[in-house]
Amino acid sequence: MKGKDFIFTGLQSWDIPIGSNAVDIAREIARDNRVLYVNGAVDMMTFLRSRNDPSGTHRVDVVRKRKSPLRRISDSLYVLDLPFITWSVNEFPDGSIFDYFNRRNNIRTFRYIKNIAAELNFRDIIHFIDNDIYRSFYSKEILNPFFSVYYRRDNLLPLGYWKHHAGRLEPMLISKSDLIVCNSPQLADFARQFNPKSYDVGQGVDLTAYDPFREIPQPPDLSAINEPRIGYIGDINSARLDADLLYNLAKSRPDYSFVMVGGEDRTFEKHALHSLKNVYFTGRIPKSRVPEYMTALNVCLNPQVLNEITNGNYPRKVDEYLAMGKPVVATRTATMELFRDHCHLCSSLDEYREAVDNAIRETDPEQIKSRILFARSHSWQNNVQQIYRYISENLPKHTKKQ
């Protein structure tokens with residue numbers, strides 16, 4: 001697909017310090033099309049929190065008229081920061097009051113976006129909504145795009161912030177979108193209840209930094225820890241990870257070192273894991289240093305707790321682990337079945353113990369090569385080609401020849 005005009009609105013800003021599907025997809029689409037990536041308008045609470053947040057500094061400066069709202073990233077890629085503050089509406093009771101104020105926010109947002117798109121001479125706009133249930137709910141009526149795509153990459157319904165209104169609004173947003181694309185079969189199955197044009201397009205991963213054949217020094221704080229090192233790298237969040245499983249696994253294998261790399265939520269900070277002598281928490285690290293820490297691990301973990309959030313969630317980190325040729329031990333979920341030929345999938349503590357014991361001894365070159373090739377098949381180019389396929393199949397007929 002070439003020569004189209006895309007507008008992206010979503011949950012994650014362009015400047016987010018961690019990986020973002022929407023940002024990566026936008027970059028890939030901008031290779032052959034024009035893209036306007038819109039950072040969501042900030043409400044007052046977000047504005048106050050962002051004043052001292054490096055990733056939010058630019059947005060604050062735009063609101064204060066210190067910087068231009070529009071940035072040109074490349075010849076075909078623009079980033080727009082909205083130069084105003086919207087109402088905080090999530091705490092309103094679900095129903096007409098919430099809908100009224102949310103609609104007012106949407107009107108202000110998408111009228112402004114529409115004006116900027118006109119200045120850029122965007123035509124026949126394809127609107128890509130990244131899981132943005134509230135802030136993009138009325139976009140089809142206000143922006144009036146030629147074609148709308150809703151990207152469902154996470155099940156947000158069980159999460160605290162989304163419990164108030166998403167259960168009612170997301171099915172409605174799915175129903176009125178022209179196309180739904182999802183990064184797992186389970187998320188697509190849910191969407192298909194409300195829109196038959198719902199498809200699993202898989203996941204893309206940027207693996208350019210994950211080269212197992214490149215000389216990567218091990219970080220000193222991990223080099224000082226005895227091998228074998230069994231580790232997890234990412235957000236250490238109790239909504240997604242099973243702290244009790246990790247505790248019992250580490251306690252039953254005192255000769256193994258268990259390394260947790262990333263920021264912890266309060267549940268993990270207070271957990272008995274910190275009392276075990278063979279468990280190490282490194283704290284947050286920059287994304288650019290993740291390959292260094294991965295290199296130092298003998299086995300990589302994805303110890304998810306099985307719930308509504310994780311069962312259909314695509315774990316990008318597993319592709320990163322495999323791209324480095326690492327043996328992986330993970331909780332068996334519906335989406336993890338996609339990895340069953342390349343990972344140890346576990347449903348109990350006993351299975352985890354056995355899998356970790358076996359994974360430590362996996363050094364066969366052919367097995368390592370197989371992991372690497374499988375991970376590299378999940379490129380953003382392949383992922384976006386799938387998105388293009390379904391857009392092309394569902395665009396109004398007179399545009400398909402373009």
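This is a predicted model: local features need pLDDT of at least 70, side-chain atom pairs count only at pLDDT 80 or more; totals for chains, interfaces and linings use all residues.
A residue counts as buried when its relative accessible area is under 20%. V79 has a relative accessible area of 0%, and is therefore buried. The mean pLDDT of the protein is 92, and 97% of its residues reach 70 or more. Confidence is highest in β7, at 98, and lowest in helix α16 (residues 397-400), where the mean is 56.

V79 belongs to strand β5, which spans residues 77-81. Beyond its neighbours within four places in sequence, V79 is in contact with W14, Y37, N39, P69, L70, R71 and I73. I7 is 72 residues away from V79 in sequence, yet the two C-alpha atoms are 9.8 Å apart in space.

Strand β5 is part of an open sheet of eight strands with mixed pairing, in the order β4-β5-β2-β1-β7-β8-β9-β10. The edges are taken by β4 (70-74) and β10 (198-200); each has a single partner strand, so one side of each is left without a neighbour in the sheet. On average, neighbouring strands of this sheet are turned by 20° against each other, direction ignored. Within the sheet, β1 (residues 5-10) pairs with β2 (residues 34-39) in the parallel sense, over five bridges. F8 stands opposite Y37 of β2, and Y37 is also among the contacts of V79.

Helix α6 (residues 166-176) lies across β7 (126-130), β8 (147-152) and β9 (179-182), and runs at about 140° to β8. Helix α1 (residues 21-29) has eight of its nine residues buried, so it is largely enclosed by the rest of the structure. The buried residues of α1 are N21, A22, V23, D24, I25, A26, E28 and I29. Their cover includes the strands β1, β2, β7 and β8, together with the helices α12 (316-323) and α15 (380-394).

A further open sheet has six strands in the order β13-β12-β11-β14-β15-β16, with parallel pairing. Its edge strands are β13 (279-283) and β16 (344-346), each with a single partner strand, so one side of each is left without a neighbour in the sheet. Here neighbouring strands are turned by 25° against each other on average, direction ignored. Strands β14 (residues 299-302) and β15 (residues 328-331) run parallel and are joined by three bridges. V328 in β15 is the bridge partner of C300. Helix α9 packs on this sheet and touches β12 (257-261), β13, β14 and β15, its direction making about 150° with that of β12. Helix α13 also packs on the sheet, touching β11 (229-233), β14, β15 and β16; its direction makes about 165° with that of β16.

How these helices are placed against each other remains to be described. Two packed helices are described by the angle between their axes and the distance between the axes. The axes of α9 (residues 243-252) and α13 (residues 349-360) come within 10 Å and cross at roughly 50°. The two helices are therefore oblique to each other, and α9 passes α13 in a right-handed crossing. On the α9 side the contact is made by L245, N248, L249 and S252, and on the α13 side by L349, Y352, R353 and V356.

Conventions
Residues are numbered from 1 along each chain as its sequence is written. Side-chain values use heavy atoms; hydrogens and water are left out. Two strands pair if DSSP finds at least two bridges between them. Helices (H or I, at least four residues) and strands (E, at least two) are DSSP runs, numbered from the N terminus. Axes are lines fitted to C-alpha atoms, for helices over the stretch in contact, and angles run from 0 to 180 degrees between N-to-C directions. Contact means heavy atoms within 4.5 Å. Buried means under 20% relative accessible area, exposed over 50%, partly exposed in between (1.4 Å probe, protein chains only). pLDDT is the predictor's confidence in each residue, from 0 to 100. Angles under 35 degrees count as roughly parallel, over 145 as roughly antiparallel, 65 to 115 as roughly perpendicular and the rest as oblique. A crossing is left-handed if the near helix is turned anticlockwise from the far one by less than a right angle, and right-handed if clockwise.
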